[in-house]
Amino acid sequence: MKKTLVALFGAVVLSSTAVQAKDWDVVRLAVDVPYEPFEYRAPDGSLTGFEIDLGNAVCEEMQVKCEWIVQAWDGIIPGLLARKYDAIFSSMSINEERAKKVLFSEAYYNTPTGFFGPQAINVDPFNPETLKGLRVGAQRGTIQDVYATENYSSVAEIKRYTAGDDLVNDLRGGRLDVVVLDYPVGVSTIIEADGGDAYKVLGDNVQLGEGVGVAARKRDTDLIEMFNKALATVKENGVYDEINAKYFDYSIKK
Amino acid sequence: MYETIEQLLANNDIFTLSTVLEYWDGLVMTVQLVFLSLIIGLVLAIPLAILRTSENWLVNRSVWLFTYIFRGTPLLIQLYIIYYGVAYIDGIQQSMFWPIVREAYVPTLFAFVLNTAAYTTEIFRGAIVATGRGEIEAAMAYGMSRGKCMRRIILPSAFRRALPAYSNEVIFMLHASSIASVVTIIDITGAARDVYARYYAPFEAFTFAALIYLCLTFILVFGFKQWEKRWHRHLRPLSS
């Protein structure tokens, strides 16, 4: 009798540890809107964009239900740690500082960083001396901000913005001379937007960071594992390329 | 002293010497911005408050409209409209004013001045209206003109009455100035946002900023208390 009880108790303990790994039925994904063409609102108000489509495809692959939660960029990591959502799917570049706070998946895309400015301006982004006395804008806390601060803060004035659209607004309003921005975002919000003829890409692009990954809380290794597996599958089976082709005429696959 | 602080900071991940200097620059910016907007706002508010009590319907109502608009909309919206709006005025980018309004500083100061002027105008108007009827009648009986009566009788007592409400406005202005950081000005809040973005440490960054604001508020409260003690001496209860 005693033995069966012990065995039973053991079985209960064992089975309870087995279900300890959280079953993910619903995964809440945070996204900072707008960040065209990765995530933005369609005229009817619904979320759309490359990452929204990719995220939905990945969730389908993982067989979980995904909910998108809109969250401003500068609070996106604290929000994750405060469990307002389970993962960040919002063009977050993988870097060492962030990896101290969150767990990243494998990169799912990497876009170059571009430099944008009015037609009249003539600078070489790789020669900081040519930016002397100019105003350089970047979104606060991004790798572009870090790059601009490291390279230009000694010669130029760095202006940091909380939102990407404020940054573009100030370029259009003539308050900025150079904008350091994710290249595809710059092309779609500056060059291809209304009145885009007045602006151009300055010099060559640079590759910054290790690409963009899904970020989750450090303890949710199983979730990241799921993401890695699903991302690998969609990259293989053509779903990724299909979504890529829908938004870009060049590949951003990594 | 300086060396001990430097040593202390060397052992801290977030509050390094450069971070603290950033906060210092932010503090200077906040104090400068708030001080200037309060002074200019005050200078504007006194004549506006007098006009606001005018019996001329048109003068009275037009000042009322100004205060109504600026008290009836959030300061953040006013700042956005002025800061982004000014860049889109036709020809402004070619005009001589552009180098000035191109900087975020002047449009921000402009928004703050108009906002605090609107509130201060209404504070002073209330104080002017509350002047004792008898005091004005006595002044008239002495043959004072309206202007002289305003200068000698109404305004001095109105300022005394307005002081407690005005000290609130000063503190509100200090706190409201934190929104300057949304238009790239690095004030205390702007410095906190930068530090936060660099170290992903919202708690430390904003707590430090809050402490600086608390110190500033304490100085203001203390200053106004001393001022009230002086100006409201006649209102204190008789003590032994």
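## Report on the two-chain model

Gln63(A) is located in the loop that connects helix 2 and strand 4 of chain A. Although Gln63(A) is not a glycine, its phi is positive, at about 60°. Most residues other than glycine have a negative phi, and most peptide bonds are trans. The model described here is predicted.

| Peptide bond | Omega | Location of the proline |
|---|---|---|
| Val33(A) to Pro34(A), cis | near 0° | Pro34(A): loop between strand 1 and strand 2 (40-41) of chain A |
| Glu36(A) to Pro37(A), cis | about -10° | Pro37(A): loop between strand 1 and strand 2 of chain A |

**The sheet of chain A**

Chain A contains an open sheet of five strands with mixed pairing, in the order 4-1-5-12-6. Its edges are formed by strand 4 (65-70) and strand 6 (102-109) of chain A, each of which pairs on one side only. Strand 1 (residues 26-31) of chain A is joined to strand 4 of chain A by six bridges in the parallel sense. Opposite Leu29(A) stands Trp68(A), a residue of strand 4 of chain A.

Helix 2 (residues 50-62) of chain A lies across strand 1, strand 4, strand 6 and strand 12 (212-217) of that chain. Relative to strand 4 of chain A, this helix runs at about 155°.

**The interface between the chains**

The size of an interface is often given as the accessible area lost when the parts come together. Between them, chain A and chain B bury about 2,100 Å², with 40% of this area on carbon and sulfur atoms. On the chain A side, the residues that lose the most area to chain B are Arg135(A), Arg140(A) and Arg175(A), which together account for 32% of what that side buries. The contact involves 25 residues from chain A and 24 residues from chain B.

**The largest pocket**

Rolling a probe the size of a water molecule over the atoms shows where empty space is left. The largest pocket has a volume of about 450 Å³. Its lining consists of 20 residues; Phe35(B), Leu38(B), Val170(B), Leu220(B) and Phe224(B) lie nearest the centre of the pocket. By class, this lining has 20 nonpolar residues, with no polar and no charged ones.

At least two lining residues come from each of helix 2 (17-52), helix 8 (146-176) and helix 10 (202-231) of chain B. Helix 2 of chain B gives the largest share of the lining, seven residues.

Definitions and conventions. Residues numbered from 1 in each chain as written. Chains lettered and ligands numbered in written order. Predicted model: local features only at pLDDT ≥ 70, side-chain atom pairs only at ≥ 80, totals over all residues. Heavy atoms only, no water. 1 Å grid on protein atoms, 1.4 Å probe; cavity = no way out; pocket = protein on both sides within 12 Å on 5 of 7 lines; lining within 4 Å. Points joined across faces, edges and corners; volume = space filled by probe spheres on them. Helix = DSSP H or I, 4+ residues; strand = E, 2+ residues; numbered from the N terminus. Nonpolar A, V, L, I, M, F, W, Y, C, P; charged D, E, K, R; others polar. Pairing = 2+ DSSP bridges. Contact = heavy atoms within 4.5 Å. Axes fitted to C-alpha atoms, helices over the stretch in contact; angles between N-to-C directions. Buried area = accessible area lost by both parts, 1.4 Å probe.
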